[in-house]
Amino acid sequence: MKPIIIKSQAEFDALPESFDKYTVIIIDSYKTLIIIKKHRKKSLIRVVRDSRVETWGDSRVYVSGNVYVRALDNSRVDAGGNSVVDAMDESRIVAGENSDVHIWHNATATGTGKITICG
């Protein structure tokens, strides 16, 4: 199945809550904030190229390439490739090469990226 390319919040909100076949969702929103409130079953969300994302609930995203993510409320983020993640609440982050992760309020991070505990 071809990946679904998302460029706006309206496009993301129009996605179904689950897919019949495993689906890759690529967020390529060039500095436009996309808010992800929950994980879409049978999907993988990749965030690329100067996109901005805020994750909530049980959402899971994979980010790379100058991406900024604000992870809240039990989100999971795998970060690499010059990405920046602000992690809060119970979020879990895997910080890959050249990623910069800031941790607040019980969030956790592991990996090779720069991890800063902020409070």
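**Entry 1**

I started with E54, which comes out buried at a relative accessible area of 13%. I'm working from a predicted model here, so every value is computed from it. What does E54 pair with? I found a salt bridge to R70, with the closest N and O atoms 3.4 Å apart. E54 sits in strand 5 and R70 in strand 7 (residues 68-71), so I noted this as a link between distant parts of the chain, 16 residues apart. R70 has 33% relative accessibility and counts as partly exposed.

**Entry 1: the other salt bridges**

I looked up the total next, and the structure holds four salt bridges. Side chains of opposite charge can pair when their charged atoms come close. I then followed D28. Its side chain meets that of K7 in a salt bridge, 3.8 Å from N to O. D28 is in the loop between strand 2 (18-27) and strand 3, while K7 is in the loop between strand 1 (4-6) and helix 1 (9-13), and 21 residues separate the two.

D28 also meets R49 in a salt bridge, this one at 2.3 Å, N to O. R49 lies in the loop between strand 4 (41-47) and strand 5 (52-55), so this pair ties together parts that are 21 residues apart in sequence. I wrote down K7, D28 and R49 as a linked network of salt bridges.

I traced an open sheet of six strands in the order 3-5-7-9-11-13, with parallel pairing. Which strands stand at the edges? Strand 3 (33-36) and strand 13 (114-117) do; each has a single partner strand, so one side of each lacks a neighbour in the sheet. On average, neighbouring strands of this sheet are turned by 15° against each other, direction ignored.

I zoomed in on strand 9 (residues 84-87) and strand 11 (residues 100-103), which pair in the parallel sense over four bridges. For D86, I got H102 in strand 11 as the bridge partner.

**Entry 2: S83**

Last, I looked at S83, in the loop between strand 8 (76-79) and strand 9. S83 is buried, with a relative accessible area of 1%. What does S83 touch? Leaving out residues up to four places away in sequence, I listed V63, N66, V67, N98, S99 and D100.

Key. Residues numbered from 1 in each chain as written. Predicted model: local features only at pLDDT ≥ 70, side-chain atom pairs only at ≥ 80, totals over all residues. Heavy atoms only, no water. Pairing = 2+ DSSP bridges. Axes fitted to C-alpha atoms, helices over the stretch in contact; angles between N-to-C directions. Buried < 20%, exposed > 50% of the residue type's maximum accessible area, 1.4 Å probe, protein only. Contact = heavy atoms within 4.5 Å.
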